[in-house]
Amino acid sequence: MSLSLLQNIYLFKTLSEKELSAVSTLGEVQHYNVGSTIFVKGEPAKALYVIRYGSVRIQQSATNGDNLTVSVLSAGSHFGEMAFVDGEPRSATAEAAETTELVAIPYEKLADFLRVNSSVAVKVYRELAAFLSGRLRVTTSDLNFAREKNLSHF
């Protein structure tokens, strides 16, 4: 896996070239044809993914059973990192929107690497905390806006 591909992932953006190089050895290249399922909502999560080329459709199931596309991710994007932290099953389904090549970084390999390399672990978890804090701020702002909007109707 190219180091620039890894460095564009928020988890790894503060790692040195040597650290990025070590993380890059953990990845396993996987190929998917258009429409192929990468993982299904509810499955145990085992890896995070980086898109080398192609695109991936992230989908949720609607109450009527239809699949709704939540996002389409392209080359250089990543997905599947949140379950690394919380161990929860997949929260959505991912499928190849076109012929796609992914680099899968197995959680087990990443966890073992971070256990042995505590200075890298501190950097990775700090970036994760910053990312989650940003998401929480946006969510809080959105909830406040919705609450104010809702109250203005009464």
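The largest pocket has a volume of about 510 Å³, where a pocket is an open set of points on a 1 Å grid over the protein atoms alone, at which a 1.4 Å probe fits, with protein on both sides within 12 Å along at least five of seven lines, and the volume is the space filled by probe spheres set on the points, joined across faces, edges and corners. Its lining comprises 23 residues, with Phe79, Gly80, Glu81, Met82 and Ser91 nearest the centre; a lining residue has an atom within 4 Å of a point. Among the elements giving two or more residues to this lining are helix 3 (82–86) and helix 5 (118–151), helices being DSSP runs (H or I, at least four residues) numbered from the N terminus.

This is a predicted model, in which local features need pLDDT of at least 70 and side-chain atom pairs count only at pLDDT 80 or more, while totals for chains, interfaces and linings use all residues. Residues are numbered from 1 along each chain as its sequence is written, and side-chain values use heavy atoms, leaving out hydrogens and water.

The structure holds six aromatic pairs, that is, rings of Phe, Tyr and Trp (its six-membered ring) with centres within 6.5 Å, stacked if the planes are under 30 degrees apart, edge-to-face if over 60 and tilted otherwise. Phe84 and Tyr107 make a tilted pair, at 5.5 Å centre to centre and 55 degrees between the planes, and this pair links Phe84 in helix 3 with Tyr107 in helix 4 (residues 107–116), 23 residues apart. Phe84 and Tyr125 are stacked, at 6.5 Å and 10 degrees.
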